[in-house]
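Dear colleague,

My notes on what was found in it follow.

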Amino acid sequence: MSISVRDVHWSAGGLMIVDGISIDVAPGKTLGLLGPNGSGKSSLLRLICRLRNVKSGVIALGNTDIAAMARLDIARRVAFVEQQATTEAQVTVLDVVRLGRTPHRGPLSPWSAADDAAVNAALRQVGMPERTGQLWHTLSGGERQRVHIARALAQTPSELLLDEPTNHLDIQHQLEILSLVARLPATSIIALHDLNLAAMFCDTLAVLHQGKVVAAGTPEDVLTEELIANVFGVRAYIERSAHHGRQHVHYRLD
Ligand SMILES: Nc1ncnc2c1ncn2[C@@H]1O[C@H](COP(=O)(O)OP(=O)(O)OP(=O)(O)O)[C@@H](O)[C@H]1O
């Protein structure tokens, strides 16, 4: 496995927020992390890149327990696009995306052609190659989100963690970003609220509820009317899309 989470617990404020979670993501695959607000998705992503330390259990990248890895080695392979990530105001798009190269450069090493290539490729992938000189604070919400994704791509990660990356994006860019992530050679975990986009673009899904995994597997196995009722409290009708062949959720108001 590329990412392996084994019986991980994490608590804060006297509450067990990640409560015995186990998930695996095979190399190059995309896992969609679903669950209601407050179910523990962001907390789990922070544990996987060791922004937080597990209380118990093991998180491994490849065969290596991240608790035994140097922070720089984690940063060289794992990129994280956080929800509502902030960036200092007086920087340009190019400055932000260049930050993605930081883990790969020594304190004295000059900026290289490889760094340039990674930054330019990342800007192209999110459709922002013409915006390099624009100041961060003048960008729209969706443009900021795409620049943060470009920063993560410039890091050339082998594991990519995205916390609600479609926030603020118009539908065209939601589809483009998710299809880009699904095609990348990196192993990805994407926290998502849109069940239909998750079914379209993810190889597997894991559904969290109150800090536990309550369903995991292919979108077809996971997205059932019963699960949606039990976890999200919503009535739904599910069919296989005649257009893309994946599960499609229709929400019911009756
Ligand atoms: N440091 C902390 N101290 C106290 N409670 C915390 C802390 N971090 C997270 N929580 C709580 O843990 C729960 C899970 O939060 P988390 O952000 O992981 O949920 P989420 O599934 O990502 O939610 P959303 O879909 O709303 O983004 C929430 O109830 C949150 O208030």
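Strand 1 (residues 3-12) and strand 2 run antiparallel and are joined by eight bridges. Within this pairing, Ser-4 of the chain stands opposite Asp-24 in strand 2. The two strands belong to an open sheet of four strands, in the order 2-1-4-5 and with antiparallel pairing. Strand 2 (15-25) and strand 5 (64-65) form the edges, each pairing on one side only.

Please bear in mind that this is a predicted model. The mean pLDDT of the protein is 94, and 99% of its residues reach 70 or more. The scores are ipTM 0.97 and pTM 0.94.

With regard to the ligand, the residues around it include Ala-12, Gly-13 and Ile-17, as well as Gly-38, Ser-39, Gly-40, Lys-41, Ser-42 and Ser-43. Helix 1 (residues 41-48) gives the most to this shell, contributing three residues. Sorted by class, the shell has eight polar, two nonpolar and one charged residues.

A further point concerns the packing of two helices. The axes of helix 4 (residues 113-125) and helix 5 (residues 141-154) come within 8 Å and cross at roughly 140°. The crossing of helix 4 past helix 5 is right-handed. On the side of helix 4, the contact is made by Ala-118, Val-119, Ala-122, Leu-123 and Gln-125, and on that of helix 5 by Ala-150, Leu-153 and Ala-154. Seven of the residues in this contact are nonpolar and one is polar, with no charged residue.

Yours sincerely

Note on methods
Residues are numbered from 1 along each chain as its sequence is written. This is a predicted model: local features need pLDDT of at least 70, side-chain atom pairs count only at pLDDT 80 or more; totals for chains, interfaces and linings use all residues. A residue is near a molecule or strand if its C-beta atom, placed from the backbone, lies within 6 Å of it. Ala, Val, Leu, Ile, Met, Phe, Trp, Tyr, Cys and Pro count as nonpolar, Asp, Glu, Lys and Arg as charged, and the others, Gly among them, as polar. Two strands pair if DSSP finds at least two bridges between them. pLDDT is the predictor's confidence in each residue, from 0 to 100. Axes are lines fitted to C-alpha atoms, for helices over the stretch in contact, and angles run from 0 to 180 degrees between N-to-C directions. A crossing is left-handed if the near helix is turned anticlockwise from the far one by less than a right angle, and right-handed if clockwise. Two residues are in contact if their C-beta atoms, placed from the backbone, lie within 7 Å.
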